Every structure is written in structure tokens, then in C-alpha cells.
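Visitor: Could you walk me through this one? I'd like to hear about the helix packing and the ligand site.

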Amino acid sequence: MSSDAKIPQPLPATRVRTPEGTKLPIYMDNHATTPVDPRVLEEMLPYFKEKFGNAASRNHSFGWVAEEGVETARARIAKLIGATTKEIIFTSGATESDNLAIKGVAEAHREKGNHIITAVTEHKAVLDTCKRLEKYVFRVTYLPVQKDGLIDLDDLKRALDDKTILVTIMAANNEIGVLQPIAEIGRLCRERGVIFHSDAAQAAGKIPIDVNKQNIDLMSISGHKMYGPKGMGALYMRRKNPRVQLSPMIDGGGHERGVRSGTLNVPGIVGLGKACAIAQEEMPTESIRQAGLRDRLRDRIMGKLDEVYINGSMERRLPGNLNMSFAYVESESLLMGMNDVALSSGSACTSATIQPSYVLQALGAGDDLAHSSIRFGIGRFNTEAEVDYVADRVIETVERLRDLSPLYDVAKEGVSSKDVKRAG
Ligand SMILES: *Cc1c(COP(=O)(O)O)cnc(C)c1O
């Protein structure tokens with residue numbers, strides 16, 4: 001914790017009234033995970049019971065029934081992203097899909113080159129995979145991001161060289177929700193004959209994605225970020241123009257075209273398929289609804305509090321994402337002061353210290369604002385009444401914490417907080 005951090009004080013009981021018909025605690029952390037949609041669960045249940053067969057059993061109806069469930073799901077996932085069924089590989093989640101895409105391409109294309117390009121704000125599943133490859137013969141370029149969280153396409157153009165075999169850039173960021181220029185990146189990669197992978201764990205089912213229009217060659221998706229089951233994911237893998245080759249990470253029975261062996265998680269696959277079908281059907285209305293709630297939350301908070309800063313582009317952003325910094329307030333204290341709402345701070349707690357988010361640091365937010373950030377993740381099951389309650393709780397808690405803050409007092413009297421700290 002930074003030296004001027006306060007020990008969180010117990011706050012007086014809330015004055016904010018619970019909205020009628022709303023249960024506490026309120027879940028508004030839908031980038032961490034989402035609840036399984038009841039319609040998804042309903043579709044999965046028979047595959048735990050009477051439809052328990054192994055989808056690889058070719059000799060009896062138990063196997064055929066399971067396989068049918070799997071193929072229906074595969075078609076639904078493919079349809080959501082404009083792919084064909086043969087291009088969908090089932091995995092245990094986006095972490096595995098990212099590993100398979102990046103390590104798989106690296107191993108299969110080693111003869112052609114050893115250079116990979118990614119960005120500093122990627123998920124750890126991508127960054128740590130790239131770091132692992134750097135221990136061997138691979139070189140990785142980590143593109144910086146601009147103040148708004150987006151990469152600069154000119155940086156990407158400059159980074160591409162004749163040894164580049166893969167570019168991996170996420171579609172939507174899990175902390176600040178910003179949407180990278182995927183179609184432009186895809187076009188650049190296609191022109192240079194470089195494979196393009198995108199981690200779309202946060203984007204799939206939330207914003208329109210078309211792997212052909214956007215020239216995506218490999219794409220990771222995750223069940224539990226889109227109201228499907230945890231431990232379930234998929235990798236889209238282009239079969240035509242060009243056909244992507246990659247080395248498997250898991251060897252075994254040759255399932256999934258030999259790319260990912262292991263008995264298929266049939267209920268999980270069925271659930272992911274249903275989650276994709278629902279997301280596709282409801283995306284047009286749901287994205288407008290969530291963006292409306294998100295803007296309502298922002299306006300309510302910013303109407304009452306000063307020195308609140310939005311992290312990342314507001315224009316190119318997931319509908320349900322808001323990431324804000326509240327100056328003079330430690331995000332950990334803020335969250336502790338509101339134990340009836342589930343939100344996320346940008347910080348990662350290690351044993352003794354609180355590390356500000358590397359994503360916010362990459363935006364050049366400065367340590368203080370990075371330590372003061374809160375991620376709001378509005379999802380399918382959040383209501384307007386919940387948004388109003390959360391806004392009021394945040395306003396109330398920030399006001400109380402600032403009342404306790406000598407730095408805020410001094411700042412209000414016109415002296416910058418930096419001078420105070422230097423003096424102290
Ligand atoms: C959640 C997430 C992952 C990891 O997905 P799992 O299915 O939990 O392994 C990877 N990338 C991004 C951007 C994510 O948000």
C-alpha cells in the first residue's frame with residue numbers, strides 16, 4: 001500500500017434506501033463472471049441426466065444424442081461470429097484458448113519466424129503466454145496504448161517485420177471495456193500474411209463480431225463471461241483463406257480434429273451454445289439497454305461528485321462497462337465501505353502490497369488515480385433500480401471517505417495534493 005494510504009475506517013450505516021423489490025447484495029461485476037442464465041441451465045440439465053452419453057461413442061444412441069447436442073451448440077457458436085461449424089474447437093475457457101492459439105501458432109510456424117506482437121493491456125492469459133514464449137526462441141513486441149486505451153495502428157505497422165508470425169490483440173478489454181480497432185488490425189495482418197488472434201472473452205455476445213469481415217484467424221471465447229457455464233470455452237480457428245495451422249497443446253484421443261484431445265464436456269458445450277444463441281438474439285436490444293444504464297450510472301455519479309475521472313474511451317467501449325477513478329479515495333476503502341454491492345477495484349492484492357492495475361498504468365493514469373479506480377460491470381440481470389442504488393451508495397461512500405481525507409480538504413482550499421505530499 002502506498003505510504004499515504006489510510007487505514008480503512010468503519011463507515012456509519014448507509015442512509016441510502018434499498019429500492020423496492022431489489023435484493024441485496026447487488027451483483028455489478030459482470031466482467032469477472034456472469035451468472036448462468038436460467039434458460040442456459042435448463043438446456044444443460046438433461047445432459048447431466050438421461051443424455052449422459054460420450055459424444056465420441058459411435059455405436060449407440062447414447063453417443064448419438066450427446067453428439068447431436070454438441071453439434072447444435074457448435075452451429076450456434078459459429079453463427080454468432082460468422083464462422084462455420086468445422087472452425088469451432090471446444091476448450092476449458094478463454095485462458096486455454098489463448099494458450100492454444102498463441103503457443104500453437106508459435107510452435108507450428110517456428111520455421112517461418114519467431115516474432116509475436118501483442119499489447120500491454122492484454123489479459124494475463126495472453127501476456128503470460130507471450131512471456132513464456134520469450135524464454136525460448138521467440139521475440140515479443142508489447143504495443144503501448146494511447147490515453148484512451150486503444151493501440152495506435154501506426155505503432156502496429158512499424159512493429160510488423162518479416163519474422164512476425166502472429167498478432168494477438170483483444171477485442172474488448174476486461175477492465176476498461178475499450179474496443180480495439182479489430183477490423184483495421186485484421187486488414188493489416190491479412191495484407192502482410194500474418195496470423196491474427198483476438199481474445200474476445202469480453203466481446204463475444206456483447207458486440208457484433210464477424211470473423212470474415214474483420215479478418216480474424218483465431219478467436220478465444222469464454223462461457224462464463226456470457227451467461228454460460230464456467231470452465232467452458234471455444235477457439236475459433238480459420239479453415240479457409242488462409243487455413244490456420246497450429247500445434248495442439250493437449251495430445252490424446254484426437255478429439256476436435258486433433259487440435260484439442262479429451263472427452264467433450266457435453267453439458268458445458270450445450271450451455272455455451274445456448275448462451276451464444278440467446279446473446280445473438282438479444283444483442284440489439286440488450287446493448288442499448290445496458291449502455292443506457294451505464295450512462296445513467298455515470299451521469300448520476302458525476303452529477304453529484306467532483307474529481308471523478310473516466311478511464312478509457314467512452315465512445316469505443318462495451319455497453320455495460322464503466323471504469324472510474326475517484327480522486328482522494330482508495331478504491332479498496334471504497335469497496336469495503338459498500339459491502340452490499342459487488343464491484344471490482346482496478347488493483348490486485350498480493351501478499352503485502354496493493355498493485356495498481358497495469359491496464360490503468362498503461363493509460364498513464366498515474367499511481368494515485370490507478371489506486372482510486374472502480375470497475376462497474378453492468379449485465380443482463382441488472383435493473384434501473386439497482387443502478388440507482390449503486391450510484392447513491394458510491395456517492396455517499398465517496399463523500400464520507402473524502403470527509404475523512406485531509407488531502408481532499410487541502411485540495412478544496414486550492415492547494416494541489418502533490419505539494420502536500422512532498423511537504424509531508
Ligand atoms: C475472463 C477472461 C479470460 C479468461 O477466461 P476463462 O474462461 O476464465 O479462462 C481471458 N481473457 C479475457 C479478456 C477475459 O476477460
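What follows is a chat about helix pairs and ligand contacts.

Guide: First, this is a predicted model: local features need pLDDT of at least 70, side-chain atom pairs count only at pLDDT 80 or more, and totals for chains, interfaces and linings use all residues. Residues are numbered from 1 along each chain as its sequence is written, and side-chain values use heavy atoms, leaving out hydrogens and water.

Visitor: Okay, which residues come nearest to the ligand?

Guide: There are 13 residues around the ligand, and T95, D199, Q202, S222 and K225 come nearest. Being near here takes a heavy atom within 4 Å.

Visitor: How far is the polar side-chain atom of T95 from the ligand oxygen?

Guide: It's 2.6 Å for T95. For Q202, an N or O atom in the side chain is 2.7 Å from a ligand oxygen, and a polar side-chain atom of S222 also lies 2.7 Å from an oxygen atom of the ligand.

Visitor: At what angle do α3 and α4 pack?

Guide: Helix α3 (residues 94-108) and helix α4 (residues 124-134) pack at about 30 degrees, with their axes 9 Å apart. Axes are lines fitted to C-alpha atoms, for helices over the stretch in contact, and angles run from 0 to 180 degrees between N-to-C directions. Helices are DSSP runs (H or I, at least four residues), numbered from the N terminus. So α3 and α4 are roughly parallel, a label for angles under 35 degrees.

Visitor: Switching topic: what about α7 and α11, how do they pack?

Guide: Helix α7 (residues 266-304) and helix α11 (residues 384-403) have their axes 9 Å apart, at an angle of about 25 degrees. That pair is therefore roughly parallel too.

Visitor: What classes of residue make up the contact of α7 with α11?

Guide: Eight nonpolar, no polar and seven charged. Among the residues that meet are R296, R300 and K304 in α7 and E384, D388 and D392 in α11.

How values were computed
Helices (H or I, at least four residues) and strands (E, at least two) are DSSP runs, numbered from the N terminus. Angles under 35 degrees count as roughly parallel, over 145 as roughly antiparallel, 65 to 115 as roughly perpendicular and the rest as oblique. A polar contact is a pair of N or O atoms within 3.5 Å; within protein, one must be able to donate a hydrogen and the other to accept it, and residues adjacent in sequence count only if both atoms are side-chain atoms. Contact means heavy atoms within 4.5 Å. Ala, Val, Leu, Ile, Met, Phe, Trp, Tyr, Cys and Pro count as nonpolar, Asp, Glu, Lys and Arg as charged, and the others, Gly among them, as polar.
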